[in-house]
Amino acid sequence: MNYVRKIREDLYWVGGNDRRIALFENAYPVPSGMAYNSYLLLDDKNVLFDTTDRAVSENYQKNVASVLNGKPLDYLVVHHMEPDHCWAVGEMMEYYPQMKVVCTAAAMKMIGQFFDVENLKDRVMIVAEGDTLNTGHHELTFVTAPMVHWPEVMVTYDATTKTLFSADAFGSFGAINGNLYADEVDYEKDWLENSRRYYANIVGKYGVQVQALLKKAAGLDIQLVCPLHGLLWRENIGWLVEKYNLWSTYTPEEKGVVIAYASIYGNTETAANMLAGMLAERGVRNVQVFDVSATHDSYILSAAFRFSHLVFASITYNNGIFTNMENLLHHIAAHNLQNRTVGFIENGTWAPTSGKQMRQIIEPLKNMTILEQMPSLKSAVKEEQYQQLEAMADAIVAGM
Ligand code: FEO
């Protein structure tokens with residue numbers, strides 16, 4: 001017996017969950033695991049939507065075979081050629097020699113790069129924006145979505161059932177724990193952070209392209225969203241779209257302050273804690289403090305996508321920024337974050353220069369308001385720096 005899930009009479013989830021994975025893309029911690037979704041439509045012509053990651057591929061092959069139950073596999077729609085979804089494409093082309101791969105021209109090129117397929121062009125049906133495929137009872141329309149999150153990406157709209165197969169869009173970190181639909185769980189409590197962290201880190205750089213996809217999707221009547229990761233959406237889809245709208249326009253979800261600090265012996269940490277306390281005393285309720293040496297960048301980037309104000313506090317290290325903080329700031333810049341108010345706190349026992357250097361990384365980003373108040377410590381917080389921290393707290397609150 002295989003673990004597959006029936007979505008409708010003719011549509012099955014045939015993907016897999018990986019709870020042993022430590023780092024998604026060998027970069028992002030996923031303590032709650034990862035789901036690789038693949039869908040199989042049984043119609044006059046049978047269609048598989050994407051494959052999975054290698055980690056779950058053994059069961060995956062069995063899942064597909066068990067749902068087909070001897071029927072032919074006519075088409076494999078490849079939305080995205082990143083190997084967390086395409087790992088089994090080569091195998092599927094080998095196991096199902098009559099099957100046509102349906103994908104964009106750019107995806108076909110990538111199939112040739114990843115796999116050795118004889119007569120590749122004869123095995124592929126190239127589709128472009130608006131092309132359709134009738135499978136019998138279903139009319140599939142292909143919609144390109146370049147850079148969400150690679151250039152070859154497309155999504156598929158099934159006009160018959162008003163289903164959007166959305167590729168990486170609307171996905172999330174986290175394995176699926178039985179409940180397949182977002183409306184079956186407490187999404188805000190148990191999934192939103194995973195969803196936001198996935199978006200910020202995986203797709204966050206491509207806000208303009210996500211906006212383009214949202215505009216195309218706005219013209220469709222969508223009653224079910226089937227992403228390649230995380231849960232499926234059949235209710236309250238507008239809520240998720242609004243989150244994507246905020247994230248992809250780099251608009252804060254909430255007023256609040258993220259304080260990320262790099263500290264070796266605790267003095268910069270004390271300054272960060274003091275500022276957090278001062279903000280709380282001034283009535284700010286959303287304050288999140290992170291030690292950049294203890295918390296992975298991906299969580300802090302996610303918080304930065306959520307909140308309106310950011311403060312970075314770093315020691316000066318080898319005349320530069322402390323390494324973990326420097327990595328975080330470059331991570332934020334690489335993901336195109338915009339529209340935030342940002343402050344810096346520096347420390348350096350003999351020559352504090354980290355504030356200026358941190359500012360140089362963040363200031364070029366679009367619509368960043370840089371606080372002029374920059375507490376400058378020379379080892380520990382003294383009365384002068386305490387006053388500077390109070391001035392910074394006042395400026396943050398005044399601008400909220
Ligand atoms: Fe889930 Fe961009 O791959």
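Trainee: Which residue does T163 stand opposite in strand 16?

Mentor: Good place to begin! This is a predicted model, with residues numbered from 1 along each chain as its sequence is written, where local features need pLDDT of at least 70, side-chain atom pairs count only at pLDDT 80 or more, and totals for chains, interfaces and linings use all residues. Side-chain values use heavy atoms, leaving out hydrogens and water. Strand 15 covers residues 163-165 (a strand is a DSSP run of E with at least two residues, numbered from the N terminus), and the residue opposite T163 in strand 16 is L224.

Trainee: In which sense do strand 15 and strand 16 pair?

Mentor: Strands of a sheet pair through backbone hydrogen bonds, in one of two senses. Two strands count as paired if DSSP finds at least two bridges between them. Strand 15 and strand 16 have three bridges, and their sense is parallel.

Trainee: What is the strand order in the open sheet of five strands?

Mentor: The pairing in this sheet is mixed. Strand 12 (132-134) and strand 16 (224-226) each have a single partner strand, so one side of each is left without a neighbour in the sheet. With these two at the edges, the order is 12-13-14-15-16.

Trainee: Which residue is the bridge partner of L133 in strand 13?

Mentor: Strand 12 pairs with strand 13 (residues 139-144) in the antiparallel sense, over three bridges. Their hairpin has four residues between the strands, and G136 takes a positive phi near 125 degrees there. Across the pair, the partner of L133 is L140.

Trainee: Which residue of strand 14 stands opposite V143?

Mentor: Strand 13 also pairs with strand 14 (residues 154-158), in the antiparallel sense over five bridges. In strand 14, the residue facing V143 is V155.

Trainee: Now the pockets: which element gives the most to the lining of the largest pocket?

Mentor: On a 1 Å grid over the protein atoms alone, a pocket is an open set of points where a 1.4 Å probe fits, with protein on both sides within 12 Å along at least five of seven lines; lining residues have an atom within 4 Å of a point. The largest pocket is lined by 17 residues, with I315, T316, N347, G348 and T349 nearest its centre. Helix 10 (267-281) and strand 19 (307-317) each give two or more (helices are DSSP runs of H or I with at least four residues). The top contributor, with three residues, is strand 19.
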